[in-house]
Amino acid sequence: MNDKITRGRRSKIDLLPEEIRRELDAKLRDGRLTQQEVLDYINELIEQSQLPEHDKEQLKISRSGLNRYSTQMETIGKDLRELREVSNALVAQLGDKPTGDVSRMILEIGRTQLFKAMMSQSSSEDMDIGMIKDAMLAAQRLEAAAMNTHRREKEIRQIFAAEVAETAEKVATQQGLTAEGVAALKREILGIA
C-alpha cells in the first residue's frame, strides 16, 4: 500500500482491534467528519475499549498517522474508481458481443494488477515468498483463463460461420446458384472461421 520503505514495523492503525479499524474505515469513507473529528472519535473508542491501559496509550493514533492512512485509502479508492470507470466504459462499448472481448479486457486488468502487486513487492526489503507463490499461481490461472477464452471465441466463430454458411446455401439455392457455386461459397465462409 505504501511506496515508502519502512523498518518493517506495522503502523498503529494496522495494530488496532478489528472492530475499531472497521469503524475508522467507515468514518473515512463516509466523509462527513473532518479528520480531526475522526481522530478524536477513534481515540475515544480506543480509550473506552477493554484493552489494557498500556495498550490504549500506545494504540492512540496521531494526526499525521491518520493523515497518512487516509491518503493511502484515498489513493486505493481512486484507483478502484478509475478501474471501475474504465471497465464500465469498455463493457458499454463492447455491449453484449458474444466474442471474448469482455473476457480479454478482464484478463488484461488482472495481469496489470498482478504486475503492480509484484512491482510493489519487489521494492520492499523483505520479499514475501508466499506472495510470490500466490502471484505465480495467479499468473498461471490468468493464462489458463486466456486460453479458455481464446478456445471459446474460436468455437463461437465456428458456430457463427456454420449458421452463415447454412443461410447462404439456402439463399444461393433459391437465387439459382449452381450446386458447385453454393459449395464454393460455403467453403469460403467456413474457411473464415
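Helix H5, residues 63-94, gives the second largest pocket the largest share of its lining, 6 residues. Helices here are DSSP runs of H or I with at least four residues, numbered from the N terminus. This is a predicted model, where local features need pLDDT of at least 70 and side-chain atom pairs count only at pLDDT 80 or more, while totals for chains, interfaces and linings use all residues. Residues are numbered from 1 along each chain as its sequence is written, and side-chain values use heavy atoms, without hydrogens and water.

A pocket is an open set of points on a 1 Å grid, for a 1.4 Å probe, with protein on both sides within 12 Å along at least five of seven lines; lining residues have an atom within 4 Å of a point. The volume, the space filled by probe spheres set on the points, is about 240 Å³ for the second largest pocket. Its lining includes Asp25, Arg29, Ser70 and Glu74. Helix H2, residues 18-30, also supplies at least two lining residues.

Next, H2 and H3. The axes of H2 and helix H3, residues 35-48, come within 10 Å and cross at roughly 165°; axes are lines fitted to C-alpha atoms over the stretch in contact, with angles from 0 to 180 degrees between N-to-C directions. H2 is therefore roughly antiparallel to H3, a term for angles over 145 degrees. In H2, Ile20, Glu23, Leu24, Lys27 and Leu28 meet Val38, Tyr41, Ile42, Leu45 and Ile46 of H3, contact being heavy atoms within 4.5 Å.

Methods
Angles under 35 degrees count as roughly parallel, over 145 as roughly antiparallel, 65 to 115 as roughly perpendicular and the rest as oblique.
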